[in-house]
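Here is a brief report on one protein and its ligand. Please look over the sequence and the 3D structure first.

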Amino acid sequence: MKKSGPDDRTFSGNSTTVSLASVAGEYLETILAGDRRHAVDLVTEVADSGIPIKQIYTDVFQQCQFELGRLWEENRITVAKEHLATAITQLAMSQLYNRFDFADRVGKKMVAACVGGELHEIGLRMVADFFELDGWNTHYLGANTPIREVVEMAFDIGADIVALSTSMTFNVEKVRDAVEAIRTYRQPGGGPKILVGGRPFNVEPTLWQYVGADYFAASATGAAESVGKLSHHSASVEGERR
Ligand code: B12
């Protein structure tokens, strides 16, 4: 990952200007070296300098996860290194939680889950954390959640939105099954709205319609930006792609 360059993005915090590309470069080296303490110190210092958490998520964590995937695909890092680095990123995300600058509560609830055997959970967690930052109460269930459990929790808590994620094409049918299960549970035609996302939906732009979702967003940023509109359940944003 490049450390800086002409398209480098800099962000001004309270007292300093930080190049997040340069932070991402150092962070990547740190997590690949397995240095948890430095990785956590690095991102907490950036957060404490006033850089928004969402920016750290997208420009550091997401960028580095994508880079890990590229290095792994090219056989330049082992599976063990990828696991090590990914685990540190999950730790670092947790460490930032008590630095979240939450918006006032908006009185909306979300259940967020990966269904079937889907193990890629960081993208969904980013989505849930962005909504949490925006004042939602999010129930993040993570990887590999049984569909029935997702549906029951969604109805039990009166969720406004169920967010479903998959990174693997072979789990798209499970997402479709989950949408169907939500639609037909207890009050057909009612219940929560369904937001989907993840790699296959980014690659094939009509896939969200195939699974029967209400909304799709290509990124945590796009999903969070939809919040205001989703809150009003306006027909004009039904199926909007961000
Ligand atoms: C870490 C990782 C893993 C970890 C996941 C650990 C964990 N706890 O999450 C483990 C080791 C388990 C894993 C396993 C596998 N992986 Co993997 N993995 C990755 C890696 C390196 C990073 C994933 C990640 O964290 N991305 C960062 C997040 C932030 O990005 P994201 O998931 O795309 O999410 C964003 C958007 O998509 C969107 N989004 C996501 N979900 C949702 C949901 C909603 C509602 C919305 C609105 C938006 C949204 O918003 C997110 C934030 O902006 C990727 C590389 C990559 N490019 O992503 C490969 C990758 C996804 N894996 C891959 C593969 C092949 C596998 C395995 C099949 C490997 C194997 N042979 O076993 C298994 C499959 C496991 C399974 N059954 O799910 C391939 C998939 C290729 C393909 N064509 O589909 C990738 C792309 C690697 C590669 N370059 O080839 N993997």
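The sections below go from the overall fold to a helix pair, a set of strands and the ligand shell.

## Overall fold

The model is predicted. Its secondary structure comprises 11 helices and 7 strands. The protein has 242 residues, and 35% of them are buried.

Contacts were also sorted by sequence separation. Among those with a separation of 6 or more, 68% link residues 24 or more positions apart.

## Helices α3 and α5

Helix α3 spans residues 53–73, and helix α5 spans residues 122–133. Their axes come within 11 Å of each other. The crossing angle is roughly 175°, so α3 is roughly antiparallel to α5.

From α3 come Ile-53, Lys-54, Tyr-57, Gln-62 and Gln-65. They meet Ile-122, Met-126, Asp-129, Phe-130 and Leu-133 of α5. By class, the contact holds 6 nonpolar, 2 polar and 2 charged residues.

Strand β6 covers residues 193–197. It is mostly covered, with 4 of its 5 residues buried.

β6 pairs with two strands described here, β5 and β7. Strand β5, residues 161–165, runs parallel to β6 and is joined to it by 5 bridges.

## The ligand shell

Which residues come nearest to the ligand? They are Gln-65, Gly-69, Gly-123, Ser-165 and Gly-197, out of 36 residues around it. Gln-65 also belongs to the α3 side of the contact with α5.

Several elements build the shell. α3, α4 (79–96), α5, β5, β6, α8 (199–203) and α10 (220–225) each supply at least two residues. The largest share, 7 residues, comes from α3. By class, the shell divides into 16 nonpolar, 15 polar and 5 charged residues.

α3 and α5, the roughly antiparallel helices, each supply at least two shell residues.

Methods. Residues are numbered from 1 along each chain as its sequence is written. This is a predicted model: local features need pLDDT of at least 70, side-chain atom pairs count only at pLDDT 80 or more; totals for chains, interfaces and linings use all residues. A residue is buried if 20 or more other C-beta atoms lie within 10 Å of its own, exposed if 12 or fewer, and partly exposed in between; C-beta atoms are placed from the backbone. Two residues are in contact if their C-beta atoms, placed from the backbone, lie within 7 Å. Axes are lines fitted to C-alpha atoms, for helices over the stretch in contact, and angles run from 0 to 180 degrees between N-to-C directions. Angles under 35 degrees count as roughly parallel, over 145 as roughly antiparallel, 65 to 115 as roughly perpendicular and the rest as oblique. Ala, Val, Leu, Ile, Met, Phe, Trp, Tyr, Cys and Pro count as nonpolar, Asp, Glu, Lys and Arg as charged, and the others, Gly among them, as polar. Two strands pair if DSSP finds at least two bridges between them. A residue is near a molecule or strand if its C-beta atom, placed from the backbone, lies within 6 Å of it.
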